[in-house]
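I opened my notebook for a friendly walk through this model. Here is what I looked up, entry by entry.

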Amino acid sequence: EAKLICNFSEDCTKVAKSSCTIVACKACCRKNQQKMKKKCKSHKLSAHEVKKYNIIYDEEPQKEVNVSTPKVTENSASSIAYVSKAQVLLNGLGADEQLGGYGRHRGAFLHRGWAGLREEVDMDVARIWSRNLGRDDRCISENGKEVRHPFLDEHVMKVISEEIPMEHIVNYAEARSVGDKRILRIISHMPLNALFDPNDLLFDSFASLVPN
């Protein structure tokens with residue numbers, strides 16, 4: 001049976017507890033409890049720590065949890081939890097793995113060049129089904145939600161792996177959170193009409209369905 005890997009930090013490779021609130025190892029879960037002020041039943045803090053960090057313990061389990069919240073890191077834009085009433089969630093899984101978004105990808109490039117980066121990315125893609133998909137599916141379905149993975153669409157994966165050189169995907173000469181997933185950051189700032197051909201029949205059909 002495959003072991004769960006800590007979900008708190010991309011650099012942590014310790015075994016996680018499936019019953020943990022954030023599916024993390026003990027050390028990372030304790031850090032999260034101190035930061036988020038929420039207690040985990042699997043990795044308990046001492047009474048002194050609960051008082052010191054003003055940890056809140058909910059007796060009644062939450063009916064809905066935010067299964068789409070990104071990993072909480074020091075660089076997170078926000079640590080505020082959000083509960084969505086949506087039944088179908090869009091998951092960004094696959095973006096980091098395919099577009100050089102992890103710190104180890106940058107390290108692979110610095111030590112082994114473009115070939116080393118490609119090897120690291122291919123390894124992440126090959127193991128994504130056992131390391132991420134099963135865990136995410138269990139967490140999301142347990143809360144009565146469905147999930148879609150745009151970055152794991154067969155056509156998207158084929159284009160990224162076979163048609164776009166890594167040199168066009170990342171630029172590690174730039175700072176972290178700027179040069180990694182560079183192509184995605186550029187596309188996200190492009191207007192919609194720059195991504196589709198206005199003369200394309202499919203685009204016209206799609207546009208006709210969008211309300212003014």
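Is Glu 120 buried or exposed? I found Glu 120 buried, because its relative accessibility is 13%; buried means under 20% relative accessible area, exposed over 50%, and partly exposed in between, with a 1.4 Å probe and protein chains only.

**Ground rules**

I noted that this is a predicted model, where local features need pLDDT of at least 70 and side-chain atom pairs count only at pLDDT 80 or more, while totals for chains, interfaces and linings use all residues. Residues are numbered from 1 along each chain as its sequence is written, and side-chain values use heavy atoms, with hydrogens and water left out.

Helix 4 has 40 residues, yet its end C-alpha atoms are only 31 Å apart. A straight helix would reach 58 Å at 1.5 Å a residue, the expected span being 1.5 Å times one less than the number of residues.

Where does helix 4 bend? I located a bend of about 140° at Arg 112, taken as the angle between axes fitted to the seven residues ending there and the seven starting there.

**Arg 112**

I stayed with Arg 112, which lies in helix 4. Arg 112 counts as partly exposed because its relative accessibility is 43%. Leaving out residues up to four places away in sequence, Arg 112 touches Glu 119 and Glu 120, with contact meaning heavy atoms within 4.5 Å. A polar atom of the Arg 112 side chain also lies 3.2 Å from the backbone oxygen of Gly 116.

**Salt bridges**

How many salt bridges does the structure hold? I got twelve, each a side-chain nitrogen of Lys or Arg within 4 Å of a carboxyl oxygen of Asp or Glu. Side chains of opposite charge can pair when their charged atoms come close.

One of these salt bridges joins Glu 120 and Arg 112, at 3.5 Å from N to O. I traced a network of salt bridges linking Arg 104, Arg 112, Glu 120, Asp 124 and Arg 127.

Asp 136 and Arg 135 also meet in a salt bridge, at 2.9 Å from N to O. I see that both Asp 136 and Arg 135 are buried.

In helix 5 (residues 154-162), I looked at Glu 162 and Lys 158, which sit four residues apart, about one turn of the helix. Their salt bridge has its closest N and O atoms 2.8 Å apart. Glu 162 counts as exposed because its relative accessibility is 55%, whereas Lys 158, at 42%, is partly exposed.

**After helix 4**

I found Gly 144 following helix 4, with a positive phi near 70°. Lys 145 is placed in the loop between helix 4 (103-142) and strand 2 (146-148). Is Lys 145 buried or exposed? At 9% relative accessibility, Lys 145 counts as buried. The Lys 145 side chain reaches the backbone oxygen of Ala 86 at 2.9 Å.

**Cysteines**

I searched the whole structure for disulfides and got zero; a disulfide is a pair of cysteine sulfur atoms within 2.5 Å. Cys 12 is buried at 10% relative accessibility, while Cys 139 is partly exposed at 30%.

Technical notes:
Helices (H or I, at least four residues) and strands (E, at least two) are DSSP runs, numbered from the N terminus. A polar contact is a pair of N or O atoms within 3.5 Å; within protein, one must be able to donate a hydrogen and the other to accept it, and residues adjacent in sequence count only if both atoms are side-chain atoms.
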